[in-house]
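I opened this entry to keep track of what I looked up, one stop at a time. The notes follow the order in which I went through the model.

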Amino acid sequence: MATFKDFRNKVKPNWCPGCGDFSVQASIQRAAANLGLEPEDLAVISGIGCSGRISGYINAYGFHGIHGRALPLAQGVKMANNNLTVIAAGGDGDGFAIGMGHTIHAIRRNIDITYIVMDNQVYGLTKGQTSPRSEFGFQTKSTPEGSIESPVNIMEMALSAGATFVAQGFSSDLQDLTSLIEEGVKHKGFSLINVFSPCVTYNKVNTYDWFKENLIKLSDIDGYDPHDRTVAMKTLMEHKGLVTGLIYQNKEQKSYQELVPGFDTNTPLKDHDLKISKESFEQLMTEFM
Amino acid sequence: MINQLSWKVGGQQGEGIESTGEIFATALNRLGYYLYGYRHFSSRIKGGHTNNKIRVSTNQVRTIQDDLDILVAFDQETIDVNVHELHDKGIVLADAKFKPSIPEGSSVQLIAVPFSDIARELGTSLMKNMVAVGASSAILGLNTDAFREVVEQTFGKKGEKIVEMNMKAIGEGANYVREHHPDALNMMELAEADGKKRLFMIGNDAISMGFIAGGCRFMSAYPITPASEIMEYMIKHLPDYGGTVIQTEDEMAAATMAIGSNYAGVRAITASAGPGLSLMMESIGLAGMTETPLVIVDTQRGGPSTGLPTKQEQSDLMAMIYGTHGEIPKIVMAPSTVEEAFYDAVEALNYAEEYQCPVILLSDLQLSLGKQTVEPLDYDRIEIRRGKLLGDEDLPELEKGEYFKRYEVTEDGISTRLLPGTKNGIFHVTGVEHDETGKPSENPDNRKKQMDKRLKKIHHLPERFPTPIHTNEKHEEPDVLLVGYLSTRGAIEEAMERLETDGYKVNHAHIRLIHPFPGDELRRLVEKARQVVVVEHNHTGQLASLIKMNIGFGDKMKHILKYDGTPFLPGEIYKECKGLL
């Protein structure tokens with residue numbers, strides 16, 4: 001059986017020392033091993049940005065796509081091969097700015113994949129511009145006087161869009177993050193895991209220390225029930241979204257693949273016969289005769 | 001007795017004009033006539049003039065006739081808008097209910113038939129369309145029994161009574177004309193057809209059927225005119241073969257989802273028109289860079305921007321060849337008939353996998369929505385070729401943490417491809433320039449090697465492609481070579497016949513493989529011709545530019561251009577060409 005070391009490759013990440021994304025990489029590797037996967041069972045599909053490079057740093061089938069479009073790629077992969085564990089990954093700019101249209105519809109569609117967002121509230125690879133998750137007043141190269149746009153409350157938005165698995169992690173808490181990813185993969189539907197993954201170079205406000213001071217673990221809230229959507233929404237609003245843990249899960253809702261009438265969820269679509277029978281072909285022709 | 005005629009039915013959109021034409025045409029198809037149908041419609045659901053023009057012939061026809069023999073009108077607007085198309089001896093069959101009139105000075109014959117009244121007496125005025133079908137059949141000298149099968153299929157679900165009522169409506173329509181206008185009966189009696197079984201289908205149906213026969217099992221798409229029929233066909237039929245369609249949030253998702261699916265081993269496609277293709281450019285680049293198979297249909301319509309969404313144009317050509325930033329291997333195919341559209345769709349899937357690159361299956365509104373008679377399609381011509389795709393073979397174990405050389409530099413530029421899930425086959429894919437294992441690399445030497453590898457893949461396609469140019473080479477030294485692509489084939493062929501009758505020596509070349517361009521073959525044809533006239537539906541002469549870019553000969557090249565949204569009529573090409581010679 002594979003260990004987390006089997007999910008390592010020889011590529012040295014080009015992330016800055018101290019980048020939160022290292023922990024996300026390690027958590028995915030650990031979660032994959034804990035789930036009993038072999039490297040060839042896993043496909044990591046990523047977007048563009050510092051965090052988008054993650055698909056190249058894990059020993060698994062990796063696809064580093066285009067900016068904002070990791071989700072449609074990942075959904076296509078899963079539809080073609082239901083046997084693969086598909087993880088989509090990228091940054092907050094990738095998923096919540098250029099790719100927001102795909103994010104909200106992937107949530108609605110509920111195809112069984114896991115989406116991990118490395119949320120650092122800033123654009124890193126382009127060297128420090130505001131992101132859709134930057135706080136109001138956040139100063140960057142593109143907002144020298146401070147951001148005058150409201151940050152998107154992404155977990156609340158996901159709940160509103162009908163998400164069936166919503167969780168939030170923090171790069172400093174490798175253990176919790178690993179288990180959230182495991183839960184996300186096990187969830188039969190679309191799982192969104194937003195990870196506070198600090199940028200040590202361009203975000204001097206939302207630092208590791210800042211998160212340690214401001215984040216609340218949902219497991220510390222007495223009686224928190226992640227199956228109650230109203231409570232989830234209320235809790236997020238009360239804590240301005242600064243919570244970690246499993247926020248909401250709906251185990252009743254079937255995944256997209258399960259809902260497609262007659263769709264074979266056991267045999268991957270890629271293994272279906274490409275050739276159609278002569279009889280079937282004649283049948284198709286009669287429609288036009 | 002005549003061998004061919006054109007019949008048009010018109011009225012308000014939403015009034016059943018389309019189904020009237022459908023029933024009329026299907027019955028004639030089953031009698032063995034060759035048909036061509038073209039709809040005039042607008043971007044609205046109800047209201048507004050709409051018409052369906054159907055050409056009937058005992059020989060193959062692939063375009064609209066210049067003029068019109070019979071116009072069936074459900075309102076005065078239909079007469080006013082279309083009467084000029086009728087020739088001198090044409091007939092207007094109109095519902096007596098709206099007190100039809102023919103504009104002054106027109107010599108056409110008006111036959112007012114109480115379509116609505118007859119229908120109402122039989123049960124419901126909804127059947128006025130069937131009365132019109134019956135009246136038409138009388139003029140064509142057809143037995144109304146010819147309609148029974150179609151009527152049963154169309155109305156069978158509603159019960160025997162409804163079927164009989166509709167048959168009666170057809171019969172009464174025919175009787176009325178026979179009784180009241182016996183003089184009209186001998187004017188347009190159609191010669192008997194051969195009774196052979198053939199298909200009558202639009203290009204989009206042929207493309208869709210080709211995809212299913214060619215092993216496509218997944219489609220991701222966003223609705224758009226005039227491509228939506230492809231998605232609708234696939235939604236209807238893919239589930240029978242285990243496949244499915246996802247209607248995506250936009251065209252960017254449609255194209256990338258199809259790329260994801262192809263990467264994971266399913267033949268996946270998307271289809272759109274100009275505005276959608278503009279959004280897909282980024283994805284096309286990704287497929288080119290990552291050497292992932294991808295088939296996209298572009299059903300061209302009037303551009304730019306929203307342009308003329310329901311009208312004919314061929315102005316995406318350059319964008320389809322050169323679109324996406326940077327340089328990628330890409331194949332652009334252009335079927336010229338509905339039949340070719342079927343076989344091209346199958347082959348597009350094969351080429352995408354063999355050459356591991358995006359394939360654009362180009363169409364235009366007239367080819368996509370125009371309905372043609374097609375000889376029965378040949379099952380034995382359907383081949384599935386997956387190129388250098390490895391199956392489940394045992395691969396040697398990779399050194400720990402190393403990748404499979406998915407982008408190995410090879411002599412033909414095509415590398416072994418395998419699918420995610422394969423043991424010992426892990427490789428990386430990225431839109432960033434990469435080395436043979438797919439790892440990002442900015443090394444200049446590697447960059448050059450990978451660029452050369454990718455771009456040389458498709459060089460030899462023109463030599464392999466079965467008919468890169470459809471040619472009609474009647475003459476060794478023609479006065480003129482007419483060149484076109486896609487749906488203009490029928491109109492060019494008919495114009496050519498007329499020019500020949502006038503004594504001109506005319507050859508015809510219809511380009512079937514747009515990119516990589518079959519320059520050698522076209523050069524041979526162009527060299528022999530005294531003049532070259534390029535016929536195309538756009539303002540700037542894109543096909544002519546493409547030819548000049550590839551083989552030169554600008555000095556003997558002339559244009560016939562049309563960009564008013566309506567398809568070329570044979571007579572227009574004939575006249576314009578004559579003026580140029």
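I began with the contacts of Tyr485(B). Leaving aside neighbours within four places in sequence, Tyr485(B) touches Ala334(B), Ser336(B), His510(B), Ile511(B), Ile514(B) and Leu543(B). Here two residues are in contact if their C-beta atoms, placed from the backbone, lie within 7 Å. I then looked up one of these pairs: Tyr485(B) and Leu543(B) are 58 residues apart along the chain, and their C-alpha atoms are separated by 8.3 Å. Tyr485(B) sits in the loop between β17 (480-484) and α16 (489-501) of chain B. I took helices (H or I, at least four residues) and strands (E, at least two) as DSSP runs, numbered from the N terminus. Is Tyr485(B) buried or exposed? Tyr485(B) counts as buried, with 30 C-beta neighbours inside 10 Å. The cut-offs: a residue is buried if 20 or more other C-beta atoms lie within 10 Å of its own, exposed if 12 or fewer, and partly exposed in between, with C-beta atoms placed from the backbone.

A note on conventions. This is a predicted model, in which local features need pLDDT of at least 70 and side-chain atom pairs count only at pLDDT 80 or more, while totals for chains, interfaces and linings use all residues. Residues are numbered from 1 along each chain as its sequence is written, and chains are lettered from A and ligands numbered from 1 in the order in which they are written.

**Strand β8 of chain B**

I went next to β8 (216-221) of chain B. Six of its six residues are buried, so β8(B) is largely enclosed by the rest of the structure. I checked its pairing, where two strands pair if DSSP finds at least two bridges between them. Three bridges join β8(B) to β10 (267-272) of chain B in the parallel sense. Four bridges join β8(B) to β9 (244-247) of chain B, also parallel. Which residues stand across from Phe218(B)? In β10(B), I found Ala268(B) opposite Phe218(B). In β9(B), the bridge partner of Phe218(B) is Thr244(B). I also noted that β8(B), α8 (228-237) of chain B and β9(B) make a right-handed β-α-β unit. Right-handed means that, with the strands pointing away from the viewer, the path from the first strand over the helix to the second runs clockwise.

**Backbone checks**

I listed two cis peptide bonds. The bond from Gly303(B) to Pro304(B) is cis, with omega near -10°. Pro304(B) is placed in the loop between β11 (294-300) and α11 (317-322) of chain B. His515(B) and Pro516(B) are also joined by a cis bond, with omega about -5°. Pro516(B) lies in the loop between β19 (513-515) and α17 (519-528) of chain B.

Then I looked at positive phi. Asn110(A) is not a glycine, yet its phi is about 65°. Asn110(A) is buried, with 23 other C-beta atoms within 10 Å. Lys240(A) has a phi near 50°. With 11 C-beta neighbours inside 10 Å, Lys240(A) counts as exposed. Its loop lies between α8 (229-238) and β10 (243-249) of chain A.

**Where the chains meet**

48 residues of chain A are in contact with 57 residues of chain B. On the side of chain A that touches chain B, α2(A) supplies the largest share, eight residues. By class, this side has 25 nonpolar, 15 polar and eight charged residues. The classes: Ala, Val, Leu, Ile, Met, Phe, Trp, Tyr, Cys and Pro are nonpolar, Asp, Glu, Lys and Arg charged, and the others, Gly among them, polar.
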